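The exercises below are to be worked through with the sequence and the structure in view, and each task is followed by a solution in steps.

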Amino acid sequence: MSSELRYTANTQLEHLHARYTGTGHADLTKYDWVTHQHRDTLSSIVGHPTLTSYLAIADGESIGRVRFEMTERMLQPCGPPPRKDED
């Protein structure tokens with residue numbers, strides 16, 4: 001029974017990871033996780049016209065400019081990746 005429960009939990013977790021790419025896994029670094037979160041937030045703002053309009057009014061910019069800046073920020077939302085130690 002325990003192995004069956006473990007198998008079911010594993011398959012559900014794999015299905016979750018396949019369906020939602022930002023859910024992470026055991027080898028995900030903090031930088032990667034934060035980058036996924038920022039990209040999700042930025043894409044949600046760009047994808048919802050009312051949020052884009054709200055930010056445009058708050059910043060005093062045009063909607064196109066806000067959309068462009070959000071899209072540009074998606075490339076490296078948290079700056080360049082940290083250096084990896086090659087030990």
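The chain exposes about 7,400 Å², of which carbon and sulfur atoms supply 55%, with accessible areas taken from the Shrake-Rupley method with a 1.4 Å probe, where for residues only the protein chains shown count as cover. This is a predicted model, in which local features need pLDDT of at least 70 and side-chain atom pairs count only at pLDDT 80 or more, while totals for chains, interfaces and linings use all residues. Residues are numbered from 1 along each chain as its sequence is written, and side-chain values use heavy atoms, leaving out hydrogens and water.

**Exercise 1.** Determine which residues of helix H2 are buried, and where they lie around the axis.

*Solution.* Begin with the element itself: H2 covers residues 30-47, helices being DSSP runs of H or I with at least four residues, numbered from the N terminus. Next, apply the cut-off for buried (under 20% relative accessible area, 1.4 Å probe, protein chains only), which gives Thr 35, Leu 42 and Ile 45. They cover an arc of only 95° around the axis, taken from the directions from the helix axis to the C-beta atoms, and therefore sit on the same side of H2. Finally, these buried residues pack against helix H3 (49-59) and helix H4 (63-73), contact meaning heavy atoms within 4.5 Å.

**Exercise 2.** Identify the residues of the largest nonpolar core.

*Solution.* Take the buried Ala, Val, Leu, Ile, Met, Phe, Trp, Tyr and Cys residues and join them through side-chain atoms within 4.5 Å. Then follow Ala 56, which, leaving aside neighbours within four places in sequence, is in contact with Glu 61, Ser 62, Ile 63 and Val 66.

Key. Helix = DSSP H or I, 4+ residues; strand = E, 2+ residues; numbered from the N terminus. Expected span 1.5 Å × (residues − 1). Buried < 20%, exposed > 50% of the residue type's maximum accessible area, 1.4 Å probe, protein only.
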